[in-house]
Amino acid sequence: MIEGQCLCGTVSYRYHGEIEKSILCYCQHCQKAQGGFAGWNSPLQKSLFEIVRGVKVLKEYFHSPNKARVFCQECGSPIFSYRVDLPDIIRLRLGTVTVGQIPLPTEEAYKQYKPEFIQIK
Ligand SMILES: [Zn+2]
Ligand SMILES: [Zn+2]
């Protein structure tokens, strides 16, 4: 079981499963959306993901037509994204997890935008 919430706590969620892998994405969309050097994500089954509180403050932003980035309108925390053509999968933003185990990142995407100061074994 995984639990998490946004910065202000208005949005909280549960994942009725385990996180099996984590991915760092250095693409420039993730960098801007997170305000950091990467997005830290995991692809999860939408059917096991439950918004416990705050569904009415979630907002979807489409920077590209196929991809929604879902965030808390109160505090701006990114919660997850999904692709319109893959509606059964969400990509959870792992910085919002408060309970449960997160595996070390095993994949790095868009490494051409990875800052040189980031070193992962
Ligand atoms: Zn919030
Ligand atoms: Zn990305």
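This report describes the salt bridges of a predicted model.

## Overview

In this predicted model, the count of salt bridges comes to five. The paragraphs below take up several of these pairs, together with the exposure of the residues that form them.

## A link between distant parts of the chain

Lysine 21 and glutamate 107 are joined by a salt bridge, in which the closest N and O atoms lie 3.0 Å apart. The two partners are 86 residues apart, so the pair links distant parts of the chain: lysine 21 sits in the loop between β2 (12-15) and β3 (22-25), while glutamate 107 belongs to strand β11 (residues 105-109).

Are these two residues buried, exposed or partly exposed? Lysine 21 has a relative accessible area of 32% and is partly exposed, and glutamate 107, with a relative accessible area of 35%, is partly exposed as well.

Arginine 83 forms a salt bridge with aspartate 85, and here the closest N and O atoms are 2.9 Å apart. Aspartate 85 counts as partly exposed because its relative accessibility is 45%, and arginine 83, at 37% relative accessibility, also counts as partly exposed.

## A network around glutamate 108

The side chains of glutamate 108 and lysine 114 meet in a salt bridge with an N to O distance of 2.6 Å. Through salt bridges that share partners, Glu108, Lys111 and Lys114 are joined into one network.

Methods. Residues numbered from 1 in each chain as written. Chains lettered and ligands numbered in written order. Predicted model: local features only at pLDDT ≥ 70, side-chain atom pairs only at ≥ 80, totals over all residues. Heavy atoms only, no water. Salt bridge = Lys/Arg side-chain N within 4 Å of Asp/Glu carboxyl O. Helix = DSSP H or I, 4+ residues; strand = E, 2+ residues; numbered from the N terminus. Buried < 20%, exposed > 50% of the residue type's maximum accessible area, 1.4 Å probe, protein only.
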